Amino acid sequence: MNEEMTTQQIYDQEYIPYSIKWGRLTSLIGVAASFFPVVILSFVFKVVPALDAIAAAATIRISACLVYYFIEPISFQPVLGIPGTYMAFLSGNLSNLRVPCSSVAQQAAGVEEGTPEGAVLSTIGVAVSIVVNLAILTLGVFLGSQIIALIPESVVNALVYLVPALYGAMLMQMILYAPKIALIAVPLSIVTLAISKTGIFDSSMAILISVFGSIIIGRFLMKTGWLDDQK
């Protein structure tokens, strides 16, 4: 390695190409592995649904999830970074585990999101969350019912508020981090969600409008200089 290489050069020329190489490979393996249960059911157990049932299910699934194919990478990549994005999309649980862990790791280390340092810390945060997640899931599979039986019923009932509380904490963190952008994104999200409740469009379209609307308006205001000082 050239001793004169800067941190940015190492990040651009070695770290990111290496992450993309293995990220693409593991993602493709993950896609192929997703079809293993179908292959086993079809060729081993001879369970094959009718073609019209497969087409109907595929159409419903694609129509429901296609919008997230565009929304989630654009929304989460600035926080996760490129390596963290590959890891998070392969392991799943992006919004409720990977993104919060990535964000907290960067905040705890005092690095800025979107920087090389932030991407490295994000990778560590996502990796740790995956290991802990797998450990807890493994424990839950074998001892889940016994553990839940020991927890008071009031605590078990309160667990339904865990995800909303997590989203609320993330929202406040982002508002404090970029209050001027929050003045755009939060009202836009509330309005589009309220309109979706009327049936004009569904919630996935509301998310699409909120994400891309915030990006477009934010870019316009950035060019005017209004977002130069976030505080």
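The protein chain exposes about 15700 Å², of which carbon and sulfur atoms supply 73% (accessible areas come from the Shrake-Rupley method with a 1.4 Å probe, and for residues only the protein chains shown count as cover). This is a predicted model, in which local features need pLDDT of at least 70, side-chain atom pairs count only at pLDDT 80 or more, and totals for chains, interfaces and linings use all residues. Residues are numbered from 1 along each chain as its sequence is written, and side-chain values use heavy atoms, with hydrogens and water left out.

View 1. Helices (H or I, at least four residues) and strands (E, at least two) are DSSP runs, numbered from the N terminus. The C-alpha atoms fill a box of roughly 60 × 55 × 45 Å along the principal axes. Of the 231 residues, 24% count as buried (buried means under 20% relative accessible area, exposed over 50%, partly exposed in between, with a 1.4 Å probe and protein chains only). Among contacts with a separation of 6 or more, 60% join residues 24 or more positions apart; contact means heavy atoms within 4.5 Å. The chain carries 10 positive and 13 negative side chains, and the centres of the two sets lie 9 Å apart. Lys and Arg count as positive and Asp and Glu as negative, while His and the chain ends are not counted; each charge is placed at NZ of Lys, CZ of Arg, CG of Asp or CD of Glu.

**View 2. The largest nonpolar core has 9 residues.** These are Phe76, Val79, Leu80, Ala88, Leu94, Val99, Val126, Ile130 and Met170. Two or more residues each come from helix 3, helix 4 and helix 5 (116–150), and helix 3 gives the largest share, 4 residues. A nonpolar core is a set of buried Ala, Val, Leu, Ile, Met, Phe, Trp, Tyr and Cys residues joined through side-chain atoms within 4.5 Å. Leaving aside residues up to four places away in sequence, Phe76 touches Leu94, Ser95 and Val99.

**View 3. Ser103 sits in helix 4 (residues 94–109).** Ser103 counts as buried because its relative accessibility is 5%. Not counting residues up to four places away in sequence, the contacts of Ser103 are Val79, Glu113, Gln173 and Met174.

**View 4. Helix 8 covers residues 179–197.** Its 19 residues reach 27 Å from the first C-alpha to the last, close to the 27 Å expected at 1.5 Å a residue; the expected span is 1.5 Å times one less than the number of residues. Lys180, Ala182, Ile184, Thr192 and Ser196 are buried in helix 8. The buried residues of this helix pack against helix 7 (162–177) and helix 9 (203–224). Gly199 follows helix 8 and has a positive phi, near 95°.

**View 5. Lys46 and Asn93 are loop residues with positive phi.** Most residues other than glycine have a negative phi. Lys46, in the loop between helix 2 (36–43) and helix 3 (51–91), has a phi near 60°. Lys46 is exposed, as its relative accessible area is 62%. Asn93 lies in the loop between helix 3 and helix 4, with a phi of about 55°. At 37% relative accessibility, Asn93 is partly exposed.
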